[in-house]
Amino acid sequence: MMSLIKLIDLPDLGDDRGGLVAIESNQSVPFEVKRLYYIFNTTDRPRGFHAHIELKQLAICLKGSCRFILDDGKSKEEILLDTPLQGLYIDGVVWREMHDFSEDCVLLVLASEHFSEADYIRDYQDFLKAVQNENRI
Ligand code: T46
């Protein structure tokens, strides 16, 4: 069974002056980047609790750490993101939750599409129906 956790090693161009990572569309990230957003000043409240229909994303913890839970309706896996040198690639209809943000967490997300609320499935039962329908096709 394929793991839900797909980590991408990002090009590490750091040297003795400091770190540097360069990410290019369709190269180190496997899609055309149309949008990016970042999450910071986090609290102890978890985030996410939704799936996407079409969107592909790469989540990179630039500073601090946070824990992702991914769920495809059959199994759940989790991963602690704590390095700017790796991104978590999320594609397909996958329920995601983000927990345990460190106080200094800065989470950058690269996205394959412009923002569309219509692409979100925010109800877990609707998500289960969507993945069941997908598996029937
Ligand atoms: C995801 C996880 C990893 C916008 O208007 N534009 C945007 O680009 C984004 C990302 C959000 N919004 C609006 C939608 C909501 O009204 O900002 C509000 C907060 O977003 P949300 O509650 O969806 O945020 P998170 O942290 O729960 O989820 C976010 C992304 O929305 C989502 O795509 O996969 O991070």
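**Sheet and aromatic cluster**

Five strands, taken in the order β1-β7-β4-β9-β2, make up an open sheet in which the pairing is antiparallel; strands here are DSSP runs of E with at least two residues, helices are runs of H or I with at least four, both numbered from the N terminus, and two strands pair if DSSP finds at least two bridges between them. At the edges lie β1 (6–9) and β2 (35–39), each of which pairs on one side only. On average, neighbouring strands of this sheet are turned by 25° against each other, direction ignored, where the axes are lines fitted to C-alpha atoms, for helices over the stretch in contact, and angles run from 0 to 180 degrees between N-to-C directions.

This is a predicted model, in which local features need pLDDT of at least 70 and side-chain atom pairs count only at pLDDT 80 or more, while totals for chains, interfaces and linings use all residues. Residues are numbered from 1 along each chain as its sequence is written, and side-chain values use heavy atoms, with hydrogens and water left out.

Within the sheet, strand β4 (residues 57–63) and strand β9 (residues 106–111) run antiparallel and are joined by six bridges. Lys63 has Val106, in β9, as its bridge partner.

Turning to the side chains, the structure holds six aromatic pairs, a pair being rings of Phe, Tyr and Trp (its six-membered ring) whose centres lie within 6.5 Å, with planes under 30 degrees apart counted as stacked, over 60 as edge-to-face and the rest as tilted. One of these joins Trp95 and Tyr124, whose ring centres are 5.0 Å apart and whose planes stand at 85°, so the pair is edge-to-face. Because Trp95 lies in strand β8 (residues 95–99) and Tyr124 in helix α1 (residues 124–136), this pair ties together parts that are 29 residues apart in sequence.

Trp95, at 5% relative accessibility, counts as buried, whereas Tyr124, at 28%, counts as partly exposed; buried means under 20% relative accessible area, exposed over 50%, and partly exposed in between (1.4 Å probe, protein chains only). The rings of Tyr124 and Phe127 have centres 5.4 Å apart and planes at 45°, so that pair is tilted. Both residues lie in helix α1, three residues apart, which is about one turn of the helix, and Phe127, at 0% relative accessibility, counts as buried. Trp95, Tyr124 and Phe127 form one aromatic cluster.
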